[in-house]
Amino acid sequence: MNIIERIKEVAAQAVNQLYGLQLEGKDIAINATKPEFEGDYTVVLFSLLRQIKKSPELLGEEIGNFLIKENPKLFSGFNVIKGFLNLSVADIFWVGFLNQNTSTENFGQGAPTDQNIMVEYSSPNTNKPLHLGHLRNNFLGWSISEILKANGNKVINTCVVNDRGVHICKSMIAWQLFANGATPQSENVKGDHFVGDYYVLFNNEYKKQINQLVAGGMEQNLAEKEASIMKAAQQMLQDWEAGKPEVMELWKRMNSWVYEGFEETYKQIGTSFDKVYYESSTYLLGKDLVEKGLAQNVFFQKEDGSVWIDLTADGLDEKLVRRKDGTSVYITQDIGLAEQKQKEFAIDQSIYVVGDEQNYHFKVLRLICQKLGLPSADGIFHLSYGMVELPTGKMKSREGTVVDADDLVQEMIDIARRKTEELGKVKDFKEEELEELYHTIGLGALKFFLLRVDPKKKMVFNPEESIDFHGFTGPFIQYTHARIKSILRKVAPEFKLAQRLDVTKLMKQEKSVIVQLEQFPTFVQEAAMAHDPSKIAIYIFNLAKTFNTFYSDLSIANAETEEKKMLRVQLANLTGKVIKRGMGLLGIDVPERM
């Protein structure tokens, strides 16, 4: 039970005993006390006034006096300002908290639940490498998975690879036309980049052919259909669906190049999956569910043979679920895959990490699954996120101007190298240690910058700004952790960190850090409920700031007494653990030294 829950409980007991009511802790409203007032937590009294016919001031005085008398180890004082009862938590409580948790390895870990949660993220196309948008997606998916695990849930990480369709055939046709048998190995190019280059080549040639046809007098719309390279791509798709051997062979070969490239990128950014689904294996799923939906009158058939669902009563519109020629649409595949995932893993919740341009799609998916009565349909959740832009503007992959993930990661490592060398504090590091440090700082800066913003918001990523050792950044927090580890190496060996503290009086800076440390499990819970890693990022940043203020004001090595020295060592030790654990929930490593 955290301090807020504890205060709610004892406040409810006080009200019940004083005024004969039957309140529970959840009926008491509590906030952190505003900085301009004395106290730690504030009980809001206004909701009690209707049941207890007393003035707010008198009510606050009576409840405050009762709490102090009955809970001397929890409260040290109170004051009442209008309808607010400001309570000061006793120093002995905070010291007790430190004693209880200083040697806890997994502070903030929730008790096991019976929930199976699947998080689907990344979902790349096999016609191009991963880009900046994929990075936000991967970091969100990985982080929310770790946060859910920290709340005691069993989590399965999945990825659906879009490995079929006309966009894949475009790269294949361009390779046939322009490659002259070249491979990633012969050109010394990473596989996903190699295939992506042919996707760009296709679109360049397609534009060229359209312009030639238009120059010859053809209408633009017709030219787009009649361009020979587009016709070839569409024919290749038909050949793929028919299982033509030479097409299947080329498809498998080019996809294998891409997968090798993806694997390299995933390893570099610290992403992995428990299960990977391939659209080429799932695109026929859901056809039986269309028949089931027709039989249940969930779907209806139009005169041309196409099958639809009417969602107008739900505030949406009519949605196609099967074309008139009997082929599936994306929503049909997703319904089928949702059913398969549930059968395979008995999942209670299915989280889809997908950009906000698909908000409508996932509203429809959830509604259809509910109307079909599929198990866990209520557990479908779309973790929607906004687009990432650079200071120079948006990204487009067809023109080959996309912000490539591999290039961006390398740029971050290079910036980390330059800025670290400018500080000049790594002269005693070995070369391999430096390379690891630059990677840790560069990736940490990238992940933190992309995760510190509410996922729903669009954002602009600025590489230079993200590696600032003094700002709202990953490297600032990483530096704080390294600083703590340095302090502990110098001071802590003479102490047993599990040694019990008998301090009864805390200084303001000491208390500020401990108060924030106690809140960590609450922020982990809130981040899971909101599906929002930025809550962890903001919390860890604020904790690092508070610790740095404490350390600049108060000495650890030269503390006033041995008891104070031990207190501050334990405080630094637990802060280091929480920073490491919190950053770990964001997928970010923290160095032992910088």
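**Exercise 1.** In this predicted model, what is the volume of the largest cavity, and which residues lie closest to its centre?

*Solution.* Start with the space itself. The largest cavity has a volume of about 90 Å³. Next, take its lining. It is made up of 13 residues. Those closest to the centre are Ala338, Gln342, Pro375, Ser376 and Ile380.

**Exercise 2.** Which elements give two or more residues to the lining of the largest cavity, and which gives the most?

*Solution.* Begin with the elements. Helix 13 (330–345) and strand 11 (349–355) each give two or more residues to this lining. Helix 13 gives the most, with 4 residues.

**Exercise 3.** How does the lining of the largest cavity divide by class?

*Solution.* Sort the lining residues one class at a time. Nonpolar residues number 8. Polar residues number 3. Charged residues number 2.

**Exercise 4.** Which residues line the second largest cavity, which elements give two or more of them, and how do they divide by class?

*Solution.* List the lining. It consists of Thr420, Leu423, Gly424, Lys425, Val426, Leu437, Ile441, Phe469, Tyr479 and Met594. Assign the elements. Helix 15 (405–423) and helix 16 (431–451) each give two or more residues to this lining. Finish with the classes. The lining of the second largest cavity has 7 nonpolar residues, 2 polar and 1 charged.

Terms used
Residues numbered from 1 in each chain as written. Predicted model: local features only at pLDDT ≥ 70, side-chain atom pairs only at ≥ 80, totals over all residues. Heavy atoms only, no water. 1 Å grid on protein atoms, 1.4 Å probe; cavity = no way out; pocket = protein on both sides within 12 Å on 5 of 7 lines; lining within 4 Å. Points joined across faces, edges and corners; volume = space filled by probe spheres on them. Nonpolar A, V, L, I, M, F, W, Y, C, P; charged D, E, K, R; others polar.
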